[in-house]
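Work through the exercises below with the model open. Try each task before reading its solution.

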Amino acid sequence: MRLKPLLLLFATALSAAVPTPKDHFGHDMGADRFVLDWDKVVSYFRAVEKESPRVRVQELGKTAEGRPLIAAFIAAPDTIQNLNRYIEIQKKLADPRLTPLAELEPLIAKGKSIVLITCSIHSTELASTQTAVEFAWRLATEDKPHFRAILENTILILVPSLNPDGVDIVTQWYRKTLGTPFEATSPPQLYHKYVGHDNNRDWYILSQPETRLVVGKLHNVWHPQIVYDVHQQQANGSRIMAPPWLDPIEPNVDAILVQEMNMVGMGIAADLTAAGKTGVSVHAAYDFWEPSRHYQSFHAGLRILTESASARLASPITIRREELRENMLGYNARERSWNHIEPWPGGRWTLRDIVDYQLIAMESCLYQAATRRDDLLRNFFKVGQRQIARKTPYAFYIPAKQADPGAAAKLIDTLAAGQVEVEIEADNSHTIRMSQPYSGYAKALLERQVYPDSRLYPGGPPQKPYDVTAHTLPMLMGVDVRTLSRPFSLAGVVAAVNEHPGRLCASDTDSWREVTKAWKINGAIWRDPLTGDFAVTSQGQNWKQIKRPRIGLYKSFMPIMDEGWTRWLLEQFGFEYTSVGNLEIQSGELRQHFDALIFPDQNASSIESGFAPGAMPPEYTGGVGAKGAAALKEFASAGGTLIFLNHSTDYAIEQLGIKAKNVVQGNPDFYSPGSLLRVHLDRTHPLCHGLPDDIPIWSEGSPAWDTDEKTVARYPDAAILASGWLLGESVIAKRSALVDAKIGAGHVILFGMRPQYRAQSYLTFKLFFNALLYQ
Ligand SMILES: [Zn+2]
């Protein structure tokens with residue numbers, strides 16, 4: 001931990017030239033009503049890099065909208081000059097097969113704790129980008145003992161925003177509404193081009209450029225021991241929340257990591273309290289289940305996350321004690337308890353307060369990484385040893401013959417992008433042996449989830465999972481994957497997938513194109529990947545050419561993540577579409593322009609009436625209204641296809657008069673919080689082309705119907721749960737999950753599922769695509 005005196009002198013002399021945040025931005029970080037422009041954030045980090053030998057900036061690539069995504073490496077100058085040396089050390093520590101035990105302690109002695117801090121993935125949680133600016137400046141210019149320890153013993157990889165596009169979207173909206181009645185409202189658009197707030201649900205499927213870049217160029221290269229993701233929560237809970245997490249903990253996360261996360265989280269809480277900060281909660285709000293939110297904890301890294309209380313974007317607020325929530329999950333925000341030991345008394349709360357808390361939390365996280373460096377590195381190695389020693393199962397096996405080879409290739413690519421070693425056998429089948437460093441990651445994504453029956457109290461209502469409960473890729477993708485319990489002998493491994501240059505490319509799209517080719521609309525012809533034939537449009541015909549459908553996708557003023565995911569899917573698979581707003585729908589004559597209109601997963605009132613008058617500037621209020629409903633009926637009557645996904649189906653029933661009763665609505669016994677459920681398909685129906693008789697579908701409290709209309713998918717009478725968690729199975733037993741209703745010459749398709757779930761459900765993509773082509 002001793003900093004060489006000469007270097008210290010050198011760094012101090014140079015620090016005077018590093019511009020302060022105020023010099024660069026014209027404001028101190030956290031000033032009331034001050035928001036950032038992304039280009040100025042990038043130019044600030046570049047200016048610091050220019051003047052400080054402790055900082056190096058890397059552009060990882062471009063965001064969905066083309067902005068630079070950057071990371072700043074911060075460490076002692078001699079570390080910064082030799083970053084490649086530390087990449088090599090990390091590589092050896094990450095894979096114990098590469099490292100004879102005799103080399104371990106010398107490696108640890110030479111190594112650094114790698115800490116990745118990622119800010120403002122959620123763009124309305126805007127403080128942490130300002131915190132990152134100030135923290136980088138302080139680390140570059142101050143020489144206090146804690147910072148010396150940090151600079152000498154760690155490499156900080158600081159990502160000032162995981163979503164730069166959103167920084168500008170929120171900043172521009174905030175400035176537009178500043179001083180109006182709408183100051184500090186959320187923008188009426190997704191703050192990520194495709195996925196909005198769901199950008200922290202992408203961390204195994206890696207569908208978006210930001211996720212691919214950060215995993216491909218930081219996680220997979222640097223193997224960080226700690227990844228700290230900085231978030232904000234509501235205004236009326238604790239002031240900041242840190243780990244430990246609530247149960248359940250995904251069974252494939254190594255116990256060493258869980259213990260260390262609890263330790264570092266409690267260390268952050270202790271340091272905040274010692275610094276005089278009140279309202280610190282731990283063991284609250286979040287479980288530790290879904291890998292979609294935390295790549296690192298399946299790659300031997302600690303998942304640290306804090307949630308700070310929000311102000312109103314950059315506008316200050318005042319909260320009285322009695323406005324603090326009593327029923328936060330795990331604690332009462334007004335009362336003292338072991339996990340919320342010193343409540344915040346209420347008062348004024350500002351952006352600067354959030355920045356102050358986050359600065360302490362970042363320093364605490366890094367100081368712990370510095371002082372416990374040896375143990376962190378040794379345990380990191382041990383986690384790898386324990387993964388390699390996994391005996392059960394022996395392997396997963398993916399036969400060469402698959403119903404959907406494109407989906408199988410995508411599944412293999414997904415695993416390979418997560419550094420899972422996949423071997424190609426001589427017969428072109430694939431094997432994933434468990435004796436490898438990330439076997440737990442592969443196992444989590446390939447096995448069936450058994451979510452524990454979690455209750456708020458014994459016999460009480462279910463404790464809501466923070467996200468969803470199932471992530472079984474073979475079921476989502478419709479890929480035949482088998483579990484092998486013991487060693488076996490095949491004709492012989494010919495190559496590892498990971499050595500294929502086109503595959504280990506989490507950051508490029510070439511492999512994507514390869515995978516999706518089979519499902520693309522090729523000119524005006526639809527290719528069935530099951531048969532290799534061209535589109536089958538009705539029973540009994542082998543194939544016929546069909547017209548490229550003219551597709552409209554409903555886009556309300558309310559930002560709907562499922563709308564973004566749907567756009568993404570259509571683009572990836574080569575469907576052309578037009579976004580259709582309230583005015584376009586109301587103007588009528590829809591049939592002249594469209595063959596199919598899609599309504600993404602959103603509630604009926606958001607379609608019918610949108611933002612209420614007074615909630616947003618007038619140009620963003622309202623929905624399709626009565627005029628829109630009449631136009632939609634006319635569209636269907638004239639032969640158009642209306643496609644309603646998941647909860648938007650309520651709109652079709654309420655406003656278009658489709659005769660179906662949603663048996664789930666208002667039924668407290670039914671609970672499917674992101675689960676895979678089995679249905680039986682009517683394979684004589686055109687929507688089912690390319691699919692087997694029985695499939696799992698994605699249900700998130702999804703509707704199920706009693707209806708006399710044509711049922712295309714139906715729940716069986718028992719054994720409905722395929723993966724995840726389900727309560728109240730009998731409520732949906734034998735009910736319809738996919739309905740084809742008629743209006744005049746057209747169809748209204750009700751999907752009681754999310755068939756295009758978060759870029760993952762390749763199996764039911766087919767149902768959705770078939771619906772687009774249904775005429
Ligand atoms: Zn967040």
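**Exercise 1.** Classify the accessibility of Lys144, then trace its salt bridge.

*Solution.* Step 1: Lys144 has a relative accessible area of 32%, so it is partly exposed. The classes are buried under 20%, exposed over 50% and partly exposed in between, with a 1.4 Å probe and protein chains only.
Step 2: Lys144 pairs with Glu363 at 2.9 Å, N to O. A salt bridge needs a side-chain nitrogen of Lys or Arg within 4 Å of a carboxyl oxygen of Asp or Glu.
Step 3: Locate the partners. Lys144 sits in the loop between α7 (127–141) and α8 (145–153), and Glu363 in helix α12 (residues 351–371), 219 residues apart. Helices here are DSSP runs (H or I, at least four residues), and strands are E runs of at least two, numbered from the N terminus.
Step 4: Glu363, at 16%, is buried.

This is a predicted model: local features need pLDDT of at least 70, side-chain atom pairs count only at pLDDT 80 or more, and totals for chains, interfaces and linings use all residues. Residues are numbered from 1 along each chain as its sequence is written, and side-chain values use heavy atoms, leaving out hydrogens and water.

**Exercise 2.** Find the partner of Arg758 and state whether the pair is buried or exposed.

*Solution.* Step 1: Arg758 forms a salt bridge with Asp467 (3.0 Å, N to O).
Step 2: The two lie 291 residues apart. Arg758 is in the loop between β29 (746–751) and α24 (762–772), Asp467 in the loop between α15 (439–446) and α16 (473–477).
Step 3: Both residues are buried.

**Exercise 3.** How many salt bridges does a search of the whole structure find?

*Solution.* The search returns 43.
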